[in-house]
Amino acid sequence: KSRLVITNHDATSFPLVMSADNKFDRVLCDVMCSGDGTLRKSVDLWARWNPLMGAHLHEQQARVLMRGMGLCKEGGIVVYSTCSMNPVEDEAVIARCLREAGGAFELIDPQEQLADLKMYHGMASWTLLTPNGEAEIHNTGAESKLTLDKQPCSGEAAPSQEGDQTSKPPRRGAKAKFTYTSSMFPPEATESESLRLERCVRVAPHLQDTGGFFIAGLRCLRELPNTVSISHRAKYTCHFVPLSDDVLADVRKGVTLPDSFPFHRLFCNPETSRTPKIYYLAEDCAKSVSSINAKIVQVGVKVFESQVKHSWAHSRVAADGAATLAPLLGDLLLRTSAAHVLRAVGNIAAAPPKSFTVDGDHVRDFTEYCPPEIPTSGVVEVDCGESIGKIYLPFDTHRGFTVHLTPTQHTLLLVS
């Protein structure tokens, strides 16, 4: 989690991170789609569905996938997915992007990773229909375009000639124009054989009692050139910043941390200081987060949060960050075992409750190791044995920590 950076950015122009040489090992393009694979749960789709619902997204889907392929390093993998069964949104997009990539990518055989998945293979041919579904449309040439009149559903935006989703809805009852392009049609037989579209994955709802999904994995054989300009780098400002000396001093009033702690990896977002939260980033992310030219909405893992609004001095260890902090605390990490806690519980009551809180005054009774001076806020490590492993609890002297016992109290301990 400490390496996590979440952004909110246009996927068709997502920037490279830091430099042109810093591409990604894995890219997931879970694109916008018509959602017709969700017909089992989205019953309202039955009345609204028409053949153009997927076709007018084809252009944007292809742009997102091409950008994802451009961000992938050699040897990396790009996964394209939709919750649609429409081949215009699925195999047609894959075929178009493989064609534009010029041999730089190949489809991965799904049996390599999904041997046990019940699925159908990708389609090599399909049929396009008129908006009313009553007639087939045939491709008349590599550069052909067919413009149709479309009667939009109530409240539905009419796509432009280029499939733009931002165009304003037409006035009620007005007809909109829609263009079928050659990339929406199935490839010729000779090209289809080289594209290996059968390596795409179609998960039908009835196979495993799920929704309908389309998945395609593409392996990068040769990196594509970057096509997104970085001239607008100053447009985005990272609001997550390292802690100032004053803020850090206040935080250390509420949380006991060793001098060896990597304080330079702690970041906060001043815009949300009404409810102060502090995040921990891995070393490489801490160095690079300010250079990411995209709107950043979340970084790293939350390790501290304040119990009092607008006050950094009342910070406590957050449950999300207990496991991340544990190896950084040194001798300040409290340690215990499930068996030790169970014995302590047996000493305080003949029939211990399923859930109880160990307050700050009794922490020593429930731990096998405590530093000479108990931290004001810290982490307790509970060793639950080989089957469960170690679990980490946030702790402070005001609230202690909470333990949950299973009905068979002597065999399993769960903590939170």
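1. In this predicted model, Cys83 is in contact with Cys33, Gly35, Asp36, Gly37, Thr38, Gly212 and Phe213, when neighbours within four places in sequence are set aside. The residue itself belongs to the loop between β3 (72-82) and α4.

2. The annotation of Cys83 deserves a remark. UniProt lists this residue under "active site", and the entry concerned is unreviewed.

3. The crossing in which α3 passes α4 is right-handed.

4. The residues that make this helix contact can be named on both sides. Helix α3 contributes His58, Glu59, Gln61, Ala62, Leu65, Met66 and Met69, while α4 contributes Ala92, Val93, Ile94, Arg96, Cys97, Glu100 and Ala101. Sorted by class, the contact of α3 with α4 comprises 9 nonpolar, 2 polar and 3 charged residues.

5. For the chain overall, 11 helices and 23 strands are assigned. The chain has 416 residues, of which 46% are buried. Among contacts with a separation of 6 or more, 70% join residues 24 or more positions apart.

Note on methods:
Residues numbered from 1 in each chain as written. Predicted model: local features only at pLDDT ≥ 70, side-chain atom pairs only at ≥ 80, totals over all residues. Heavy atoms only, no water. Left-handed = near helix turned anticlockwise from the far one by under 90°. Helix = DSSP H or I, 4+ residues; strand = E, 2+ residues; numbered from the N terminus. Contact = heavy atoms within 4.5 Å. Nonpolar A, V, L, I, M, F, W, Y, C, P; charged D, E, K, R; others polar. UniProt positions renumbered as here; feature names shortened; annotations may be inferred. Buried < 20%, exposed > 50% of the residue type's maximum accessible area, 1.4 Å probe, protein only.
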